[in-house]
Amino acid sequence: SSGMLIGIDQVLLDVLVPIDDDPKILERHQIQPVSQCLAEEKHMPLVKEALASVEAGKASATPGGVIANSLRAGSWWLKRQKSSTAPRRVMLGRIGQDAAGKRLQKEISASQVEPMFDEARCAADNDAESTTGTCCCFLAEKARTMLTHLGASKTLHLRGTSECKSFDSRMNLLQASLAGVQPCVVLVSGFYAQADPEGVAAIRSWCSTHHTTKIGGH
């Protein structure tokens, strides 16, 4: 490989759920059709139902988030180029210790992007922040309704905590696996930047010290 592309985002599992056979499902869960909203506690049963549909083969799921999608698209393009010097692609994020998290890791890996995900510990029963983030898209004919549960994805803190490794320590691990000094590009989403400004400061500091390119605001 030649260098690294490091992606940082609130990683989500995108779930596509057809609801033509149950048109009242959104009304039952107090969701306005053809809208976009963040999941509240009252919506969590619907999120769990959508994930159960994936496991039952009644709904589809793919990795989501603008940075993950960018790295996956880049991997597809590089594969078509048959390049022998393609940069290593690594995705940083935080997931839950659940089936959705396992599926997200598997799908990311299948696209030749390395997942470097922390796993949130479940602090209590029904702790929504310890579950993998999901974006549920309910499809009625051509009308889409989006319900996003951020879950563990919003608890990624790259300054470093007792549960999250710092950005510096992650990069030390990654660079130790490379042969010599290699160029590095860090891609940061606007969603992550808003949620973890201290982590962004740590990323900026590392990048300026190592003369690394940082691209943000996605």
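Start with the largest pocket, which has a volume of about 350 Å³. Some ground rules first: this is a predicted model, where local features need pLDDT of at least 70, side-chain atom pairs count only at pLDDT 80 or more, and totals for chains, interfaces and linings use all residues. Residues are numbered from 1 along each chain as its sequence is written, and side-chain values use heavy atoms, with hydrogens and water left out.

**Stop 1: the pocket lining.** Select Met44, Lys48, Leu51, Thr131 and His149, which are the closest to the pocket's centre of the 18 residues that line it. (A pocket here is an open set of points on a 1 Å grid over the protein atoms alone, where a 1.4 Å probe fits, with protein on both sides within 12 Å along at least five of seven lines; lining residues have an atom within 4 Å of a point. Points are joined across faces, edges and corners, and the volume is the space filled by probe spheres set on them.) H2 and H4 are the elements that give two or more residues to this lining, and H2 gives the most, with 6. Helices (H or I, at least four residues) and strands (E, at least two) are DSSP runs, numbered from the N terminus. Colour the lining by class and you get 9 nonpolar, 4 polar and 5 charged residues, with Ala, Val, Leu, Ile, Met, Phe, Trp, Tyr, Cys and Pro as nonpolar, Asp, Glu, Lys and Arg as charged, and the others, Gly among them, as polar.

**Stop 2: helix H2.** Now select residues 44–55. At 1.5 Å a residue, these 12 residues should span 16 Å, and the end C-alpha atoms are 17 Å apart, which agrees; the expected span is 1.5 Å times one less than the number of residues. Which residues of H2 are buried? Pick out Met44, Leu46, Val47, Ala50, Ser53 and Val54. Buried means under 20% relative accessible area, exposed over 50%, partly exposed in between (1.4 Å probe, protein chains only). These buried residues pack against E2 (12–18), H1 (25–28), E4 (60–64), H4 (99–110), E7 (134–140) and E8 (143–149).

**Stop 3: Ala61.** Hop to strand E4, where Ala61 lies. Ala61 counts as buried, at 12% relative accessibility. Leaving aside neighbours within four places in sequence, its contacts (heavy atoms within 4.5 Å) are Leu13, Asp14, Val15, Val54 and Arg103.

**Stop 4: the core.** Next, show the largest nonpolar core, a group of 29 residues; Val15, Val17, Met91, Leu104, Phe117, Phe138 and Leu147 have the most contacts inside it. H2 brings the largest share of this core, 5 residues. (A nonpolar core is a set of buried Ala, Val, Leu, Ile, Met, Phe, Trp, Tyr and Cys residues joined through side-chain atoms within 4.5 Å.) Zoom in on Phe138: among the residues it touches are Val17, Leu26, Leu46, Ala50 and Leu147.

**Stop 5: two loop residues.** Select Gln30 and Val34, both in the loop between H1 and E3 (36–38). Are they buried or exposed? Gln30 is exposed at 56%, and Val34 is exposed at 59%. Phi is positive in each, near 60 degrees for Gln30 and near 55 degrees for Val34. Most residues other than glycine have a negative phi.

**Last stop: the second largest pocket.** This one has a volume of about 250 Å³. Its lining includes Asp9, Leu38, Cys135 and Phe191.
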